[in-house]
Amino acid sequence: MISMTDTLRLIQERRGDAVVLPAGMALRRWMEISQNESLDLPVTGAMGKASSMALGLCLAQPERKVIVVDGDGGLLMNLGSLVTVAGQAPENLYHFVLDNGMYAVTGGQPVPNAGGFTFAGLARTAGYAAAFEFEDLEELATRADEVLSAKGPVLASIKTVPEVENTPI
């Protein structure tokens with residue numbers, strides 16, 4: 001498993017001029033490490049809607065790369081967005097899912113059927129152009145440029161170390 005902070009730092013290092021939409025547990029940590037806040041669009045108070053917001057931005061700004069950093073619990077709350085995103089096929093959408101197997105923002109409750117499916121598998125079935133899975137930081141670092149240069153929509157599921165947040169965002 002990979003720490004959320006290491007994952008976010010790696011995305012920050014490679015974002016270029018991409019707009020980043022951090023959501024859920026990633027939000028607070030992202031705001032601490034971001035080096036281009038003018039291109040950050042924090043998703044607050046809308047658990048499960050980050051991928052939908054990213055899709056709208058991709059369609060409005062097709063020349064700009066859009067990176068959404070989603071939580072597994074948030075994505076599960078709006079799983080239909082995978083099909084909607086795939087149907088629109090935005091080539092500039094990069095969807096990172098931090099998969100820690102729990103609703104960390106609301107106290108650490110396990111997500112339904114944790115370990116019984118993969119987000120990359122769901123994305124492939126929905127019709128994403130590319131999907132990746134990572135459990136090792138070295139592999140993620142080695143392949144990050146491949147992920148961010150693939151034609152979208154792209155989903156990268158990253159197994160992260162569980163961290164529970166019990167304070168309001």
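A residue is called buried when its relative accessible area is under 20%, exposed when that area is over 50%, and partly exposed in between. The exercises below concern a predicted model.

**Exercise 1. Classify the exposure of Phe117 and Phe119, and describe how their rings are arranged.**

Solution.
Step 1. Phe117 has a relative accessible area of 22%; because the value lies between 20% and 50%, Phe117 is partly exposed.
Step 2. Phe119 has a relative accessible area of 1%, and it is therefore buried.
Step 3. Two aromatic pairs are counted in the model. Phe117 and Phe119 form an aromatic pair with ring centres 5.1 Å apart and planes at 80°. Planes over 60 degrees apart count as edge-to-face, and the Phe117–Phe119 pair is edge-to-face.

**Exercise 2. Carry out the corresponding analysis for Phe132 and Phe134.**

Solution.
Step 1. The ring centres of Phe132 and Phe134 lie 6.2 Å apart, with 10° between the planes. Planes under 30 degrees apart count as stacked, and the Phe132–Phe134 pair is stacked.
Step 2. Phe132 has a relative accessibility of 9% and is therefore buried.
Step 3. Phe134, with a relative accessible area of 1%, is buried.

**Exercise 3. Determine which residues of helix 1 are buried and which elements they pack against.**

Solution.
Step 1. Helix 1 covers residues 4–14, and its buried residues are Met4, Thr5, Thr7, Leu8, Leu10, Ile11 and Gln12.
Step 2. These buried residues pack against helix 2 (25–33), helix 7 (137–149), strand 2 (66–71), strand 3 (93–99) and strand 7 (154–159).
Step 3. After helix 1 comes Gly16, which has a positive phi near 60°.

**Exercise 4. Describe the packing of helix 1 against helix 7.**

Solution.
Step 1. The axes of helix 1 and helix 7 are 11 Å apart, at an angle of about 35°.
Step 2. The crossing of the two helices is right-handed.
Step 3. Helix 1 contributes Asp6, Thr7, Leu10 and Arg14 to the contact, where they meet Leu137, Leu140, Ala141, Ala144, Asp145 and Leu148 of helix 7.

**Exercise 5. State how the side chains of strand 1 are directed and how strand 1 is joined to strand 2.**

Solution.
Step 1. In strand 1 (residues 19–22), Val19 and Leu21 point one way, whereas Val20 and Pro22 point the other way.
Step 2. All four of these residues are buried.
Step 3. Strand 1 and strand 2 run parallel and are joined by four bridges. Pro22 has Val69 of strand 2 as its bridge partner.

Key. Residues numbered from 1 in each chain as written. Predicted model: local features only at pLDDT ≥ 70, side-chain atom pairs only at ≥ 80, totals over all residues. Heavy atoms only, no water. Buried < 20%, exposed > 50% of the residue type's maximum accessible area, 1.4 Å probe, protein only. Contact = heavy atoms within 4.5 Å. Phe/Tyr/Trp six-rings, centres within 6.5 Å; stacked < 30°, edge-to-face > 60°. Pairing = 2+ DSSP bridges. Axes fitted to C-alpha atoms, helices over the stretch in contact; angles between N-to-C directions. Left-handed = near helix turned anticlockwise from the far one by under 90°.
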